[in-house]
Amino acid sequence: MSSILVLTRDARLLARLRDAWEPTYRVVQRPEWDGVAIVLRSGSIDVLAFDTGRTAGVSAGPSLRWLRGTYPELAYVAVVDPGAGRLAFALGRRGVDGIVVAGATQARHALRRAPEEAMGRALARSIGRRLAGEVDPLLARCVSRAVEAAEHPAAVPLLAEPEGISVGSLRRRLRGSGAPPPGRILRWGRLLRAARALERDADSLDRVAHRFGYSSGAALGRAIRRDVGVSTTTLNNRGGLACALEAFLRTVGEPEAGSRDGSVEASPAESPLP
């Protein structure tokens, strides 16, 4: 189970966040910035949600920079007051992974999704750093985008548009660098997110599978065996995401027969749900 550290002194806000996030996540609370590092050093926290309006010192800027450098794998969610548009914009520029509105204006389903979306952005950023220097920069950026979008139906334009190029140009540039084709990169994005989720939720294969577009836990297990070459149990024993990422790196430069863009077509049971 993933854990969220909520930094706030507001009991009403904490109750609202607990209502939205538990029991899917374990929620831990601290009232001040002092002591946050002690909790984070335990290695059990995945998301830091900090209340910018009620935390002593309102020191989100400097503390966020320090935390980002010290705990780069962590996802950061800012909790802002309703109407704090300028602050939300500034925090977005500083690199927070998600923003939650403290009042009752944010829909509960959006509030519930905030931690998972933030963890997706943080993981995408982390994988981008991991791939830097090991693969072509275009491939690293495409994999990061595929990882971030893994919970949603995604098509190849998602990878091409941020580069300012057509889908055809993207395919040619990837092929020229020995990188996997776009469809295969999107498939790996889902698989890498699922591998990380299984580290925290190993007993709920079906839940993880449905979250990332597989029709069942069995379908996800087949995809892991096909692309990573191991069972889900072995995947977790070998580090989950680390094992899957190593398998991805081994595929770079390998030809793959299949559909027109070079990706292998999955069986209906393994295909992402519409």
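**Figure 1. The largest nonpolar core has 46 residues.** Of these, I127, L131, V143, L192, L220, V228 and L235 touch the most other members. A nonpolar core is a set of buried Ala, Val, Leu, Ile, Met, Phe, Trp, Tyr and Cys residues joined through side-chain atoms within 4.5 Å. Buried means under 20% relative accessible area, exposed means over 50%, and partly exposed lies in between (1.4 Å probe, protein chains only). Several helices, including α5 (108-131), α6 (137-148) and α9 (182-200), each supply at least two residues of this core. Helix α9 gives the largest share, nine residues. In soluble globular proteins, nonpolar side chains tend to be buried together.

This is a predicted model: local features need pLDDT of at least 70, side-chain atom pairs count only at pLDDT 80 or more, and totals for chains, interfaces and linings use all residues. Residues are numbered from 1 along each chain as its sequence is written, and side-chain values use heavy atoms, with hydrogens and water left out.

**Figure 2. L192 and its contacts.** Leave aside the neighbours within four places in sequence. L192 is then in contact (heavy atoms within 4.5 Å) with L123, I127, V143, V147, L241, A244 and L245.

**Figure 3. An open sheet of five strands.** The order is β2-β1-β3-β4-β5, with parallel pairing. Strands (E, at least two residues) and helices (H or I, at least four) are DSSP runs, numbered from the N terminus. Two strands pair if DSSP finds at least two bridges between them. Strands β2 (26-30) and β5 (98-101) stand at the edges, each with a single partner strand, so one side of each has no neighbour in the sheet.

**Figure 4. Strands β4 and β5 run parallel.** Four bridges join β4 (residues 75-80) to β5. V79 has V100 in β5 as its bridge partner. Helix α1 (residues 11-21) packs on the sheet. It touches β1 (3-7), β2, β3 (47-51), β4 and β5. The direction of α1 makes about 165° with that of β2. Such angles run from 0 to 180 degrees between N-to-C directions, and axes are lines fitted to C-alpha atoms, for helices over the stretch in contact.

**Figure 5. D136 sits in the loop between α5 and α6.** A polar atom of the D136 side chain lies 2.9 Å from the backbone nitrogen of L138. D136 and V252 are 116 residues apart in sequence, yet 9.8 Å apart in space, C-alpha to C-alpha.

Terms used. Polar contact = N/O pair within 3.5 Å; in protein donor to acceptor, adjacent residues only side chain to side chain.
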